[in-house]
Amino acid sequence: MIRIQGANHSEQHTYYELLRILFPTYEQEEDLFFTVDREQGYRVTAEIQNKRVVEEFHGEDDAATKEAVARWMVRELDLPKKQYSPWGILTGVRPIKFALLHDLSGEEGVRELVEHYLLDSLLAETVVKIADEERRRFQGSHFMKKGHFSLYINIPFCASRCSYCSFPTVVHSSRGEIHDYVSALLTELEITLAATERAPDTIYIGGGTPTSIPVGELERLLKALETHIPQGGLEFTVEAGRPDSLSGEMLALLAAHPVNRMSINPQTMKNETLERIGRPHTAEDILRSYDEARRMGDWSINMDLIVGLPGETFGDFQDTLEKIHQLGPDDLTIHALSLKNGSKIFEQQGVQIHPITEWTQYALRENLKKGYEPYYLYRQKRILGNAENIGYATRGHESLYNMIMMEELQTVLGVGMGATSKIRLEPEKLVGGRMEKFTNYRNLRDYMAHHQDEGARKVKWEDFL
């Protein structure tokens with residue numbers, strides 16, 4: 001285990017996160033001791049088994065000293081089993097928000113990230129490029145004005161559970177249970193939207209797998225939403241997710257409503273891996289669903305891939321990426337596998353070490369060659385190789401909702417089991433404004449019992465909505 005002594009609360013958090021990233025094997029196995037001693041200056045001691053490293057620091061203030069220790073840990077701390085950190089001393093999940101908050105822009109911003117925060121240069125360039133684009137798109141725009149919001153609707157049902165999934169999903173539900181859930185969802189939705197003065201700027205139906213429920217149940221929801229869509233339309237996404245849920249009837253339903261974005265998520269194009277991670281479809285099913293979706297609707301299509309799935313080689317990932325490029329989706333998200341509590345992979349295998357920086361940087365270079373530009377980026381705890389998730393899109397196909405949600409640029413109202421609402425109390429600030437955040441009940445029984453209360457909780461903030 002990683003044990004830290006003598007550090008204050010802020011130092012404890014920073015040092016633990018860095019040690020966990022740099023020395024992942026010690027999070028569960030063996031012992032790594034890290035001690036801060038302030039009696040004579042600022043001395044840190046790192047110790048494992050018979051190896052002991054001591055270093056002294058003399059910063060101007062606590063914050064400067066903490067950063068100096070972090071840089072020393074990344075560059076110089078020499079203990080066994082150390083892993084490379086492409087993100088340098090940054091440990092947060094929102095690097096773009098960090099760049100916006102610290103006004104990192106252009107070549108100077110890249111230099112600051114590389115030299116002061118020790119980021120890999122390619123990642124630093126990507127962060128600044130995305131931050132600059134988000135400033136251009138959102139600063140002073142109508143998205144940042146009072147009363148504007150995005151709407152997230154959660155459909156928690158799935159036909160089966162993938163081994164990497166940690167979301168609160170409901171598997172193998174009856175038609176009656178799904179019908180009752182949609183009825184409760186529509187009640188919460190009506191209560192929530194009654195507190196708003198205008199239509200949402202974007203709508204995102206996620207899950208779970210929204211297209212795994214009966215067509216008639218999803219149709220009830222889509223019809224209810226049509227009255228809240230302005231004449232000029234809006235960005236309206238349905239996360240189809242798994243291709244085995246996209247029947248011709250389901251695609252016809254989506255095409256008959258103002259849905260203009262959908263996700264068809266392969267994760268990999270290797271059949272052996274699909275079976276290993278519990279996805280009951282094949283790569284051929286992905287091709288069929290994609291072709292049929294292209295024929296039936298004029299929408300932007302997103303596809304997700306996961307880097308570092310169990311048993312896959314770099315060659316397997318290269319093959320998957322090449323096949324997806326041949327399809328030519330409008331939007332492509334490259335996720336590094338995240339070892340989340342509640343997932344079968346984490347429960348069975350625990351913390352894993354898998355240096356995948358070469359894989360994710362290969363994806364970045366190849367996507368740029370194919371005309372895909374990175375437009376949103378985030379990280380997760382226990383992500384393989386201390387890597388990242390990057391969303392790419394061809395020009396004009398970027399998801400506004402993805403940017404809004406990830407950087408918390410706008411109020412998002414969440415409806416449904418486990419959905420989170422984030423209400424911006426200072427909406428015109430690009431970053432750093434006050435925010436009220438709350439999450440609906442994360443299990444079906446409690447949500448069904450309290451869905452009207454969940455809607456009423458948002459109504460309390462109608463002055464901001």
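Trainee: Which residues is glutamate 239 in contact with, leaving aside its neighbours within four places in sequence?

Mentor: Glutamate 239 is in contact (heavy atoms within 4.5 Å) with Tyr204, Ile205, Gly206, Gly207, Gly208, Pro210, Thr211 and Ser263. This is a predicted model, where local features need pLDDT of at least 70 and side-chain atom pairs pLDDT 80 or more, while totals for chains, interfaces and linings use all residues. Residues are numbered from 1 along each chain as its sequence is written, and side-chain values use heavy atoms, without hydrogens and water.

Trainee: What polar contact does the side chain of glutamate 239 make?

Mentor: One with the side chain of tyrosine 204, at 2.6 Å; a polar contact is a pair of N or O atoms within 3.5 Å, one able to donate a hydrogen and the other to accept it.

Trainee: And how far apart are the C-alpha atoms of glutamate 239 and glycine 206?

Mentor: They are separated by 5.2 Å, though the residues sit 33 apart along the chain.

Trainee: Where is glutamate 239, and is it buried or exposed?

Mentor: Glutamate 239 is in strand β9, residues 235–241 (a DSSP run of E, at least two residues). Glutamate 239 counts as buried because its relative accessible area is 18%, and buried means under 20% with a 1.4 Å probe, protein chains only.

Trainee: New topic: how much space lies in the second largest pocket?

Mentor: About 760 Å³, as the space filled by probe spheres set on the grid points. A pocket is an open set of points on a 1 Å grid where a 1.4 Å probe fits, with protein on both sides within 12 Å along at least five of seven lines.

Trainee: Which lining residues are closest to its centre?

Mentor: Of 36 lining residues, Ile21, Leu90, Thr91, Gly92 and Arg379; lining means an atom within 4 Å of a point.

Key:
Helices (H or I, at least four residues) and strands (E, at least two) are DSSP runs, numbered from the N terminus. Buried means under 20% relative accessible area, exposed over 50%, partly exposed in between (1.4 Å probe, protein chains only).
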